[in-house]
Amino acid sequence: APDGKTLYFSSAPKISTFENPSYPGGFAYDKIRYSLMRIGYDPSSGAWGKLETVIPSAEMGKSLTMPRISPDGRFLVFTVSEYGQQSFALPSSDLYLLDLATGARKRLELNSDQSETFHSWSSNGRWFVFSSKRLDGLLARPFFSYFSQDGSVSKPVLLPQEDPSF
């Protein structure tokens, strides 16, 4: 978090939990689902607080990864995908918004039927960039969206290129 007192991250059970002899290598990677977690931190003492599950993967039946907090500390955008942490490879990957003040969450309106992931906030929190494969399902390109103070987003725009055919 911007105040340095909370760390948000994703966590899944140990891989041995998913052992499956019918899979090459013995693991069922498509069964791994990450939960959204947080832990408090006291910078003055260097002490960690209590580990908390913000959104358990079982609640959504999906994997929740890449939490990014807005610079004002109010909102958190995260990626939701079918399984694992390589959301860029899964067309079902979408961006979700969590309002940290109210606990309300929603799927962002800017999602397409292709992968949306790898998001980051601007320094003032009014914009964010994310990668999307919406144009062809193959290449991830940087899209920008305006983020209003009420948590709504604008239609995403592709980063302009010097060569329009790029």
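## The two faces of strand E6

In this predicted model, Asp94, Tyr96 and Leu98 point one way from strand E6, whereas Leu95, Leu97 and Asp99 point the other way. In a regular strand, side chains alternate between the two faces of the sheet. These residues of E6 are all buried, a term for under 20% relative accessible area, with exposed meaning over 50% and partly exposed in between (1.4 Å probe, protein chains only). Because six of the six residues of E6 (residues 94-99) are buried, the strand is largely enclosed by the rest of the structure.

Strands (E, at least two residues) and helices (H or I, at least four) are DSSP runs, numbered from the N terminus. Residues are numbered from 1 along each chain as its sequence is written. Local features need pLDDT of at least 70, side-chain atom pairs count only at pLDDT 80 or more, and totals for chains, interfaces and linings use all residues, while side-chain values use heavy atoms, without hydrogens and water.

## Partners of E6

Two strands pair if DSSP finds at least two bridges between them. Strand E5 (residues 75-81) runs antiparallel to E6 and is joined to it by six bridges; Phe78 has Tyr96 as its bridge partner in E6.

Three bridges link E6 with strand E7 (residues 105-107), also in the antiparallel sense. Here Tyr96 has Arg107 as its bridge partner. E6 and E7 form a hairpin with five residues between them, and Gly103 in the turn has a positive phi of about 85°.

## A three-stranded sheet

An open sheet with antiparallel pairing has the order E1-E2-E3. Its edge strands, E1 (6-11) and E3 (47-55), each pair on one side only. Strand E2 (residues 35-42) pairs with E3 over six bridges, and Met37 stands opposite Thr53 in E3.
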